[in-house]
Amino acid sequence: MVVLRTGMLIIMCISLFSGLCLATELPEDIVFVTEEYPPFSYLENGVPAGLSVELLETALKRANIEFSSDQIRLMAWPDAYRTALTTNGTGLFSTARTPERENLFRWAGPLMQCPVVLFSENPNLKTDRPANQDLKVVAIRDDIGEQVALDAGISKENIFLVTTPSEAVQRVIDGTSDAWAYGHYPGESLIQTIAEDPDSFYILDELTRSTYYIAFNQNTEPGFIEIIQNELDAMKQDQEQGGISTYEKIVGKYIGPICAEKTHSRQQITDLVNLTADAISRDATGTLADIQAGKHPYLDRNDPSLYVFIYDTSVTLITQAGRPDLAGVHFAGKPDVSGKNFRDDIVTGAMKEGTGFVTYTYSNPLETGIFFKEAYYTLVTGSDKKQYVVCAGRYVPCDET
């Protein structure tokens, strides 16, 4: 029996044949706080909704913890941030995890990533932009935009802090600030609802990509945070049934695939596929065992996003160096989050043409979210006289999308 004590509540997980966990209410001293930050968090018909809200609610449901949306409180970001810093048992989201914040909170995630950009309405900045340190920038107090602006070389005296997005947008409109440093997706959404002429706004520059987490007050029960973390991790791995993980399904509802900051060349994946196909033609049994064991080069020892995966001609996954637990899963008719049956396309293309490329969307072990990806494949006859479709993929870089 595992007992988690939080306040007066005891969560009990009884190890039965199935590892059943008794349903219970949320620990009574746990509070979740967030802000109006679409598509991550917002009110829909008075009820908290959004990508991060759904990830949290799903994690709690999977952990068999009873939870209702009224246990999430939306408030201005500075208030939410200060509440999490000072109130025991508070979870704050969506929060960029930075070196400056690392020791202020306990963390669960990641949830998703989002570019931090400079929004401007000044048409002159498109062609006559001053040096970064001379830009006048507005940011939300305690938001990541302030630190990102400083890191980009914008002088501290030129950064003006406000409490709400409405104040930030107004400063850009009236010209007291040149730009607003804020998350790309929520910034675009909020500008549409706040500005009288949202089409006059544009992105002056992308400063960085922030990865969002749930930040818990330091005095939150570690065992409860571990439950959330374990479920978030599991949601990214459960592809066996439909071919799409729970995480991919949720993210795909709110944000489409994005480009990758780190990737490989086409030459790298074709070389890996050709090397693997040659090895299978000479020793199918030994090579498949090495792939299943995740041995280099089939799973790159320095980069877990570069790996080999192999189908038979019925679209059953024979082995995948990065996810050996998926071996034996029949993926015919199981699409990616955009609805594309890319695995069927790979096998069909291999049977007709022998080799080729297929594009699709997929999660990335190095970055958070769902990404544009392409795979190179080739058909090979193994030393055991069976046919195999050998594949390796790369995440599509931003300069190719």
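The following legends describe close-up views of a predicted model.

**View 1. An open antiparallel sheet of 5 strands.** The strands follow the order β16-β15-β19-β18-β17, and their pairing is antiparallel. From one strand to the next, the twist averages 25°. Within the sheet, strand β15 (residues 308-311) and strand β19 (residues 387-395) run antiparallel and are joined by 4 bridges. At this pairing, Y311 stands opposite V389 of β19.

**View 2. Helices α8 and α9 lying across strands of the sheet.** Helix α8 (residues 266-282) lies across β15, β17, β18 (370-381) and β19. Its direction makes an angle of about 30° with β18. Helix α9 (residues 284-292) lies across β15, β16 and β19, and runs at about 55° to β16.

**View 3. Packing of helix α1 against helix α7.** Helix α1 (residues 51-62) and helix α7 (residues 246-254) pack with their axes 9 Å apart, at an angle of about 155°. Because angles over 145 degrees count as roughly antiparallel, α1 is roughly antiparallel to α7. The crossing of the two helices, α1 and α7, is right-handed. On the α1 side the contact involves L51, E54, L55, T58 and R62, which meet T246, Y247, I250, V251, K253 and Y254 of α7. By class, the residues of this contact between α1 and α7 comprise 6 nonpolar, 2 polar and 3 charged.

**View 4. Packing of helix α4 against helix α5.** The axes of helix α4 (residues 165-174) and helix α5 (residues 184-194) lie 10 Å apart, and the helices pack at an angle of about 75°. Helices α4 and α5 are therefore roughly perpendicular to each other. Residues P165, S166 and V169 of α4 form the contact with L190, I191 and I194 of α5. The contact of α4 with α5 contains 5 nonpolar residues, 1 polar residue and no charged residues.

**View 5. The aromatic pair of F32 and F216.** The model contains 21 aromatic pairs. In the pair shown here, the ring centres of F32 and F216 are 6.0 Å apart and the ring planes stand at 75°, so the pair is edge-to-face. F32 belongs to strand β4 (residues 31-34) and F216 to strand β14 (residues 202-217), so the pair ties together parts that are 184 residues apart in sequence.

Definitions and conventions
Residues numbered from 1 in each chain as written. Predicted model: local features only at pLDDT ≥ 70, side-chain atom pairs only at ≥ 80, totals over all residues. Heavy atoms only, no water. Pairing = 2+ DSSP bridges. Axes fitted to C-alpha atoms, helices over the stretch in contact; angles between N-to-C directions. Contact = heavy atoms within 4.5 Å. Parallel < 35°, antiparallel > 145°, perpendicular 65-115°, else oblique. Left-handed = near helix turned anticlockwise from the far one by under 90°. Nonpolar A, V, L, I, M, F, W, Y, C, P; charged D, E, K, R; others polar. Phe/Tyr/Trp six-rings, centres within 6.5 Å; stacked < 30°, edge-to-face > 60°.
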